[in-house]
Every structure is written in C-alpha cells, then in structure tokens.
Amino acid sequence: MLAYQHAYHAGNFADVHKHLSLFAVLRHLLRKPSPVTYVDTHAGRGLYPLDAEETQRLKEYRHGVASLWAARERLADDPLLGPWCERLGAVQASPRLSHYPGSPWWLSQACRAQDRLDLYELHPSEVSHLETQALPDQARRFHADGLSGLRASLPPATPRLCVLIDPSYEIKQEYVDVATTLQAVSAKVRHAIVLIWYPLLPSGRHHDLLDAVRRSGVRKVWRSELLQHPPGDVTHGMYGSGMLIFNPPWGVDTQLDDSLSHVVRCLGDAATHTSQWWVEE
Ligand code: SAM
C-alpha cells in the first residue's frame, strides 16, 4: 500500500533542486524543433496549493521555494533562476506565492505541438488530482507503474527522449530498480536524457542507486547534491537532495552549478551544493 503523498513536501528545497535541474534541461531541448517525448515516471498531483491541509502540516516550502520567491528580484539576473521564478509567477493568482507546480506542469510548459508527454502515477488519490489538471492535448496519463511503463514504451516515436524518474523510494528495492531502468533506457535510446532524483537520508540508501549506476556500464552521468544540513546534523528525515543526469546537455552542468550557488545562499548558512561526474563519458 502506497502511503507517500507529495503534498506534504511540495515546494521544499528538494523540489527546487529537482525542478530547477529539469528546467535547465528543458530550456536546452527547446532550442531545436526536433520532437521530444517527455516521460514523467512518478508524476504526483501536478499542482500544489500551498494552503492545502497536507502542505500546511510541515510547511516545508518555507525553507524551499518561499526563500527563492522572497529573493526573486535579486535573482532576476541569473540566466536560469530569473526565468524559473518568472515561470513560477505565471502559476500565482497574485504576487503572493500561493501554488507550487509539480513536474507535470514544468514538463507541460516545454511540450510543443510536435512533442509528447507521458505521465505515470500509481497512487489512486494522486491520480484523481492529476486528472483534474489542465494539460496539453498530447499529454497521456497512465494509472500504472512508471518504471515498467517507461521500459515498455521504448523506443519512443520521436527522435528525442527526456525522462524524469522521481520515485518516493518507499520500497527499498526502488534504488536498484531505478538504476536497472536507466541501463535499459540507455541501451535502447543512447541519446536519451534521463534525470533521476534521490533523497539523502541518514541510512545512506542512495549509495545502492549510485553503486548500481556505476556497475551498470552506463556512461556520462552527472551528479549534483544540494544539502540543507550537514549529514551528521540530522538523525532522521532528509538532509539533502540528489540528482543524477544521464547525458546532460552541453553547458547545463555549469549553469546549474552557478544557479545552485545562489539557491544555497537563499536556503541559509547550513546549505551546500556539490557536483561532479559520477560516471564520465
Ligand atoms: N514528480 C513529482 C513532482 O516533481 O512534482 C513528485 C513525485 S513524488 C516524489 C512520487 C510519486 O510517485 C507519488 O505521487 C507516488 O504516489 C508515486 N508512485 C509511487 N510508486 C509509483 C510507481 N510504482 N509508479 C508510478 N508512480 C508511483
């Protein structure tokens, strides 16, 4: 039985890390007219009102998107954060931050007439929320397992493929399953771009994913980690957010490094960001 609901965490520092990384990749893909298939293997609800009961329970957005929103005038000159905050503004009914958009929304923004968008979600209540979202005509919503749905859909009908894999990792096996799925995608679509999000927890489970990716033989994987606190300061819960990007478009790594240095300053003194090639070309 799935228990995780993203509404409890919407707009937190990990969402900022994940969606900023996604935004950087999408902007790059939009430079060429060649059609793209976007796949979101774990879509969630699509849009999160910040005054929802679940979101108000932990108010994690206050130490995430709200910190950036408060600094948006100062961030306007950053080539990534400036347009990212502008996009975020398009979701708000007033200058007040009232909603946080999830990955289906960020992907929809990049979905042109020639592109496709496949969204997978397994939790019945999240599926019913997702059904209510206005999405482009080419978007397809599947109430199904995202990793097997993705694997079964390969190769895509378009020349380019961009995948976001963002599980809740409620099942520990998911760390290894994600690596196996990346290997399957890279074998069938060599030029695919795959973004994988993972949590940094005191248990250190993410090493199962990282080690499996290294062992898999997949090349060209960039790793970025945004820490809200130093690892030793947290005994339970997430202290950081990790992203792997397979085949990052040229320049996205340095652009994200620059923008995340500004994000770190917004998040407070304890926050840090590091990045490196996890597996080189
Ligand atoms: N990607 C979303 C975003 O950025 O806005 C957040 C996704 S949330 C971290 C993970 C989602 O995966 C949850 O909504 C959960 O219900 C869903 N989920 C869990 N197991 C799944 C599976 N096997 N296939 C598809 N979705 C699943």
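Colleague: Which residues surround the ligand, and which of them are the closest?

Modeller: The ligand is surrounded by 19 residues, and the closest are His-42, Gly-44, Gly-102, Ser-103 and His-123; a residue is taken as near a molecule or strand if its C-beta atom, placed from the backbone, lies within 6 Å of it. Please keep in mind that this is a predicted model, in which local features need pLDDT of at least 70 and side-chain atom pairs count only at pLDDT 80 or more, while totals for chains, interfaces and linings use all residues. Residues are numbered from 1 along each chain as its sequence is written.

Colleague: How many residues of each class are in the shell around the ligand?

Modeller: The shell has 6 nonpolar, 8 polar and 5 charged residues, where Ala, Val, Leu, Ile, Met, Phe, Trp, Tyr, Cys and Pro count as nonpolar, Asp, Glu, Lys and Arg as charged, and the others, Gly among them, as polar.

Colleague: What is the order of the strands in the open sheet, and what is the pairing?

Modeller: The open sheet is formed by 8 strands in the order S5-S4-S1-S6-S7-S9-S8-S10, with mixed pairing; two strands pair if DSSP finds at least two bridges between them, and strands (E, at least two residues) and helices (H or I, at least four) are DSSP runs numbered from the N terminus.

Colleague: Why are S5 and S10 called edge strands?

Modeller: Strand S5 (139-143) and S10 are the edge strands, in that each pairs on one side only. From one strand to the next, the twist averages 15°.

Colleague: Why is S8 said to be largely enclosed by the rest of the structure?

Modeller: Strand S8 (residues 221-227) has 5 of its 7 residues buried, so it is largely enclosed by the rest of the structure; a residue is buried if 20 or more other C-beta atoms lie within 10 Å of its own, exposed if 12 or fewer, and partly exposed in between, with C-beta atoms placed from the backbone. S6 is likewise largely enclosed, because 5 of its 6 residues are buried.

Colleague: Is Tyr-169 buried or exposed, and how do you know?

Modeller: Tyr-169 has 20 C-beta neighbours inside 10 Å, so it counts as buried. Tyr-169 lies in the loop between S6 and helix H9 (174-188), and its phi is near 55°, a positive value in a residue other than glycine. Most residues other than glycine have a negative phi, and most peptide bonds are trans.

Colleague: Why does Lys-220 count as partly exposed?

Modeller: Lys-220 has 14 C-beta neighbours inside 10 Å, so it counts as partly exposed. Lys-220 is found in the loop between helix H10 (206-215) and S8, and its phi, near 65°, is also positive.

Colleague: Where is Ser-94, and what makes it exposed?

Modeller: Ser-94 lies in the loop between helix H5 (81-91) and strand S3 (99-101), and it is exposed because 6 other C-beta atoms are within 10 Å.

Colleague: Which residues are joined by a cis peptide bond?

Modeller: Leu-154 and Pro-155 are, with omega about -5°; Pro-155 lies in the loop between helix H8 (146-152) and strand S6 (160-165).

Colleague: Why are H9 and H10 called roughly parallel to each other?

Modeller: The axes of H9 and H10 cross at roughly 25° and come within 8 Å, where axes are lines fitted to C-alpha atoms, for helices over the stretch in contact, and angles run from 0 to 180 degrees between N-to-C directions. Angles under 35 degrees count as roughly parallel, over 145 as roughly antiparallel, 65 to 115 as roughly perpendicular and the rest as oblique, and H9 and H10 are therefore roughly parallel to each other.
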